[in-house]
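Morning, everyone. Please have a look at the sequence and the model on the screen. I'll go through a few spots.

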Amino acid sequence: MSYRLTAPAPGWTTTTDVVVVGSGVAGLTVALNVRQAGLRATVVTKAMLDDGSTRWAQGGIAAALGEGDTPEQHLDDTLVAGAGLCDEDAVRALVTEGPDAVRRLIAVGAAFDRDEDGEILLTREGGHHRRRIAHAGGDATGAEISRALVAAVRSDPGVELIEHALVLDLLTDADGHAAGLTLHVMGEGQRDGVGAIRARAVVLATGGMGQVFSATTNPAVSTGDGVALALRAGAEVTDLEFVQFHPTVLWLGPEAEGQQPLVSEAVRGEGAYLVDGDGVRFMVGQHELNELAPRDIVAKAITRRMQEQGAEHMYLDGRHFGAAMWETRFPTILASCRAHGIDPVTRPIPVAPAAHYASGGIRTDLHGRTTVPGLYACGEVACTGVHGANRLASNSLLEGLVFAERIAADLTARHATGELTERAVDVAGARAAQPVPLLAPEARAEIQRLMTRGAGVIRSAASMAAAEAGLAHLAEHARADLADEKPADPRVETWEATNLHLVASALVAAAALREETRGCHWREDFPDRDDATWRRHLGLALQERGELRAQPSPVR
Ligand SMILES: Cc1cc2nc3c(=O)[nH]c(=O)nc-3n(C[C@H](O)[C@H](O)[C@H](O)COP(=O)(O)OP(=O)(O)OC[C@H]3O[C@@H](n4cnc5c(N)ncnc54)[C@H](O)[C@@H]3O)c2cc1C
Ligand SMILES: O=C([O-])CC(=O)C(=O)O
């Protein structure tokens with residue numbers, strides 16, 4: 001399962017002003033906005049520019065755009081969904097700046113669906129008390145946002161784009177200020193292999209960590225690399241236990257692994273029902289919003305009903321929409337269901353929860369600054385405090401947009417005062433003194449199985465102890481193998497497996513410590529919410545206790 005790898009020292013170095021890791025809504029928005037201040041931006045991305053979660057977003061982007069809606073109402077719904085852990089200042093920034101941020105996205109070129117009068121069409125999703133979600137292409141919102149942002153960065157010569165490049169670790173100067181990063185480029189020519197980018201500031205926008213679990217809506221690139229990098233760099237990471245499981249993911253069988261097709265909450269927003277194996281609408285009476293209760297509540301209700309009925313899935317019934325509505329309003333979902341042999345026009349869709357979103361991540365302030373000077377984070381990798389214990393539906397794209405703009409504003413202001421200076425960094429000397437055992441690519445599936453069994457929708461001390469033991473076993477093998485023969489240079493899959501292991505270990509440690517049920521963290525052995533004891537951010541508690549330590553970089 002493990003290798004001793006001798007990763008090469010950075011073989012080449014390049015320089016920029018701001019290096020952005022990730023090319024989803026968050027990363028590209030930062031790049032476009034720092035350009036307005038005349039700063040050079042370099043965007044590094046693991047695969048193609050549009051391979052992150054952004055492209056897959058279906059339902060839409062939430063913002064108080066409709067008549068009669070206000071940021072205050074959006075704030076209320078966000079706070080309720082967050083189950084007592086939201087940072088109200090961060091939510092206020094999100095909901096008040098959100099509508100204009102969406103208008104600026106439209107100005108960049110994103111086309112949202114509109115009625116015949118040209119007004120933006122709005123839908124509903126779980127936890128929203130009114131229609132507030134703008135969508136594009138019916139259920140292809142993320143694809144349209146991604147298309148517009150990619151076109152914009154491609155047409156700006158001041159944005160350098162490096163695709164097929166996996167960022168490994170942070171470089172810091174003698175003062176501990178971020179000074180760039182190391183990366184592994186899977187290409188040919190001068191920039192092949194492990195290299196370094198020196199920069200005045202580093203922005204992490206690496207998206208989620210859904211690939212920690214066997215079945216997830218997230219694409220293959222969502223391996224938690226940004227959180228792993230942050231942990232190794234000693235940045236504070238928090239709320240990792242709050243993994244959101246989307247209630248309605250197309251059920252493809254008990255062995256289904258990897259990215260699974262989502263069936264958007266907007267389908268319920270437009271009137272589809274959740275029914276059990278007997279055709280009973282089991283959400284009715286469980287919450288004032290019935291099927292449109294916040295996501296954690298619906299995911300729990302589905303899981304409970306599955307347990308009661310010994311079923312592997314429930315059903316989402318939208319047959320009453322009729323073919324024309326499915327074709328115009330939900331063309332992506334219709335096509336993906338039909339591709340798997342299910343026609344939602346004539347049959348209820350089998351659905352079950354799957355890992356969807358990391359509500360926690362790298363702790364930031366309201367300007368996207370992490371606890372390492374010069375290191376910023378935004379989008380799903382960050383924990384701005386907006387989501388608390390459970391994110392409100394369609395607040396993620398908005399958070400990526402708003403906090404990316406805030407980071408760019410902070411960088412612009414620091415640039416204006418001359419504070420954003422070049423940093424001296426000894427790239428070759430930045431390598432860790434100790435070799436770090438890297439996990440072989442095959443460890444990925446084992447980590448996913450351990451996490452799904454031990455720290456999935458429902459958790460207990462016993463299930464998480466088993467996951468911890470399994471993860472420790474994988475790490476021990478890594479250590480035991482240090483004397484082994486050196487294999488070929490690490491592959492992307494090797495870096496990813498190593499990052500997944502670190503992130504999974506941190507997630508289980510945080511989830512084991514939180515002895516209560518809150519938001520999307522569901523403890524079988526502690527079924528109640530405990531406000532007296534458990535309001536604090538546990539990632540910080542773990543770091544204070546030395547259990548989430550900074551670790552040396554694998555690049556040595
Ligand atoms: C199927 C699906 C549907 C969704 N629907 C909605 C919705 O309707 N509304 C909503 O608000 N949210 C939705 N979400 C959530 C939302 O799409 C994501 O949270 C959001 O797009 C994340 O944006 P991001 O920019 O932070 O990251 P991403 O879009 O995931 O981009 C991350 C980028 O980082 C790159 N990267 C990662 N690691 C590295 C590395 N080591 N080196 C270099 N590059 C790296 C990736 O390749 C990628 O380019 C959905 C998510 C999924 C999966
Ligand atoms: O259900 C949807 O389409 C919305 C969604 O995934 C999200 O907000 O993460």
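When I say contact, I mean heavy atoms within 4.5 Å. This is a predicted model: local features need pLDDT of at least 70, side-chain atom pairs count only at pLDDT 80 or more, and totals for chains, interfaces and linings use all residues. Residues are numbered from 1 along each chain as its sequence is written, and side-chain values use heavy atoms, with hydrogens and water left out.

Start with Thr 29. Thr 29 sits in helix 1, residues 25–35. Helices here are DSSP runs (H or I, at least four residues), numbered from the N terminus. Buried or exposed? Thr 29 counts as buried, because its relative accessibility is 4%. Buried means under 20% relative accessible area (1.4 Å probe, protein chains only). Its side chain reaches the backbone oxygen of Val 25 at 2.5 Å. Leaving aside neighbours within four places in sequence, Thr 29 is in contact with Leu 149, Leu 401, Ala 404 and Glu 405.

Next, helix 10, residues 396–416.

Now ligand 2. Which atoms lie by its oxygens? A backbone N or O atom of Glu 265 lies 2.7 Å from a ligand 2 oxygen. A polar side-chain atom of His 356 is also 2.7 Å from an oxygen of ligand 2. For Arg 295, a polar side-chain atom lies at 3.1 Å from one.

Key
Chains are lettered from A and ligands numbered from 1 in the order in which they are written. A polar contact is a pair of N or O atoms within 3.5 Å; within protein, one must be able to donate a hydrogen and the other to accept it, and residues adjacent in sequence count only if both atoms are side-chain atoms. Helices (H or I, at least four residues) and strands (E, at least two) are DSSP runs, numbered from the N terminus. The expected span of a helix is 1.5 Å times one less than its number of residues. Buried means under 20% relative accessible area, exposed over 50%, partly exposed in between (1.4 Å probe, protein chains only).
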